[in-house]
Amino acid sequence: MSVTLNKDVDENRQGEAIEMEGKKPTGKKLYLESYGCAMNFSDSEVVASILIDKGFTTTKDQTDADVVLINTCSIRENAEQRIRNRLSQFNKAKKQRPGMVIGILGCMAERLKKDLLEEEKLVDLVVGPDAYRDLPGLIEEVDGGQKAVNVLLSRDETYADINPVRLDKNGVTGFVSITRGCDNMCSFCVVPFTRGRERSRDPHTIVRECADLFEAGYREVTLLGQNVDSYRWNMTSKGEIKDPEKPTTNFAQLMEMVAEVNPKLRIRFSTSHPKDMTDDVLHAVAKHKNICNYIHLPVQSGNTDMLKRMNRGYSREWYMNRIDAIKRIIPECGISTDIISGFCGETEEEHQDTLSMMREVEYDSAYMYKYSERPKTLAERKFEDDVPEEIKQKRLEEVITLQHEHSLKINKAQIGKVEEVLVERVSPRSEEQMLGRTDRNHKVIFDREDSKIGDYVMVEITDCSKASLRGVIV
Ligand code: SAH
Ligand code: SF4
Ligand code: F3S
């Protein structure tokens, strides 16, 4: 049972390497592999753009590379373990090609800083998520025979002006980051330490990037942030206007701006935070046909005391109020969530509350995890990681089993409907079939007929499993 999925990035894309031709190649070859959430995959595009601009070309063959970079994730212990294993594989390659530069980027670089140079002797370069503009210089330092580190976090870096080189091969769906960092301090979470303070990107650069993507043939953008609802431009965190001469922009207004780029450009967004998601946002979704009827609203737990220990900033009642608002304002809206099983002090009753909450909401899908203690977090300092491993596992399995029931039930309810599907790729199982998603974010597989990647087609849903729908073009 796969439970290590990161939302928005398929498990089969974890560890994916980038391939992109440079415009003025000067010979250096870059191998860049990404792990973790969509933010990391989006950042890898920024990294590739910066280096391609300096003459690098990308390669999918690590043994052929001059520079090997891994963009890493620290969210759970097993995410870091996977990367350590990968590093030891690179170690072998380095023995054969001592001139090869090996660098760690992203959240693990930020969390472990210099320790990585000492611990993992093969690493030459450690670069945190706000220091990517410095990469060309740092690589030069390493070429000069030194180790190089830059893990400074910034209060204003958003890479707003860097037009990312798109790395996903389908050329139809893309990620656009709108905020960086997180100020929330959920007690279990390492992200505020690895990504720093929250900051929003200039709305005009976001709209321009979306328009450029549409021009290039893209038909769907996902606006990314750890908490998209707290997007704000020209406003302080207290809601005061910074420059009275200039307009302010909140998340609902930003979505409307992006929705107007083109009616054929679908818009998704992730992640919405239950404490900050306002009715404005829901009304914007309801008003614009091209803003998809799908909301990812991580609950983490269905018990109010537990939510307090998690420092999530809402109660079960507040969360249910947000779910009711979604169902009222956007009928037929897909809803998904994240759940953590076995957080500090979780009692059987608290676990049962999570299950009962799931029954009340009936999520389309969920990303479900066992609690993994992270160094320096509030929970590590304040609470004991006291739920035994077997109980964590058992509760997680109960959560997964229930979610599978709900996913299957919701998928079955789609049978007979005719849905607009954006064709994303050829099905990995058969050349004769295509794969796309409905507005509500359900995966659909159908015979290709004469449809092409990037087309919108009307598909009648004829069958399903818990993971996907099947249909025929009508
Ligand atoms: N910003 C998003 C979450 C980003 S992390 C939000 O607030 O919803 C993605 C998910 O990983 C979280 O929603 C949580 O369910 C899970 N997660 C984070 N830290 C974890 C930990 N220490 N152990 C297990 N799961 C964790
Ligand atoms: Fe982590 Fe909470 Fe921020 Fe999400 S909102 S990234 S869970 S601290
Ligand atoms: Fe994302 Fe992992 Fe960092 S989930 S923000 S890459 S810790």
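A residue is taken as near a molecule if one of its heavy atoms lies within 4 Å of it. The views below all come from a predicted model.

**View 1. The surroundings of ligand 2.** By that cut-off, ligand 2 is surrounded by Cys182, Asn184, Met185, Cys186, Phe188, Cys189, Val191, Pro192, Gln226, His273 and Arg312.

View 2. For Asp338, an N or O atom of the side chain is 2.6 Å from an oxygen atom of ligand 1. Gln300 brings a polar side-chain atom to 2.7 Å from a ligand oxygen, and for Arg312 the corresponding distance is 3.2 Å.

**View 3. Ligand 3 between two domains.** Ten residues make up this shell, and you will find Cys37, Asn40, Cys73, Ser74 and Cys107 as the closest. The shell divides into five nonpolar residues, four polar ones and one charged one. Domain 1 (5-150) and domain 2 (173-412) both contribute residues to it, so ligand 3 lies between them.

**View 4. An edge-to-face pair, Tyr31 and Phe90.** The model has seven aromatic pairs, counting rings whose centres lie within 6.5 Å. In this one, the ring centres of Tyr31 and Phe90 are 6.2 Å apart and the planes stand at 70 degrees, so the pair is edge-to-face. Tyr31 belongs to strand S2 (residues 29-34) and Phe90 to helix H2 (residues 77-96), so the pair ties together parts that are 59 residues apart in sequence. Both partners are buried: Tyr31 has a relative accessibility of 6%, and Phe90 has 0%.

**View 5. A tilted pair, Tyr314 and Tyr319.** These two rings are 6.0 Å apart from centre to centre, with 35 degrees between their planes, and the pair is tilted. Tyr314 is buried at 8% relative accessible area, and Tyr319 is buried at 0%.

View 6. Elsewhere, the charged end of Arg76 sits over the ring of Tyr369, 3.7 Å from the ring centre. Arg219 lies over the face of Phe214, and here the distance to the ring centre is 4.0 Å.

**View 7. Asn290, a buried loop residue.** Look for Asn290 in the loop that joins helix H9 (279-287) to strand S15 (294-296). Its relative accessible area is 8%, so Asn290 counts as buried. A polar atom of the Asn290 side chain lies 2.9 Å from the backbone oxygen of Ala259.

**View 8. Ile410 in helix H14.** Helix H14 covers residues 389-412 and includes Ile410, which is buried with a relative accessible area of 9%. Between Ile410 and Ser365 there are 9.4 Å in space, C-alpha to C-alpha, while in sequence the two are 45 residues apart.

Technical notes: Residues are numbered from 1 along each chain as its sequence is written. Chains are lettered from A and ligands numbered from 1 in the order in which they are written. This is a predicted model: local features need pLDDT of at least 70, side-chain atom pairs count only at pLDDT 80 or more; totals for chains, interfaces and linings use all residues. Side-chain values use heavy atoms; hydrogens and water are left out. Rings of Phe, Tyr and Trp (its six-membered ring) pair if their centres lie within 6.5 Å; planes under 30 degrees apart count as stacked, over 60 as edge-to-face and the rest as tilted. Helices (H or I, at least four residues) and strands (E, at least two) are DSSP runs, numbered from the N terminus. Buried means under 20% relative accessible area, exposed over 50%, partly exposed in between (1.4 Å probe, protein chains only). A charge sits over a ring if NZ of Lys or CZ of Arg is within 6 Å of the ring centre and within 35 degrees of the ring normal. Ala, Val, Leu, Ile, Met, Phe, Trp, Tyr, Cys and Pro count as nonpolar, Asp, Glu, Lys and Arg as charged, and the others, Gly among them, as polar. Domain bounds come from an automatic or database domain assignment. A polar contact is a pair of N or O atoms within 3.5 Å; within protein, one must be able to donate a hydrogen and the other to accept it, and residues adjacent in sequence count only if both atoms are side-chain atoms.
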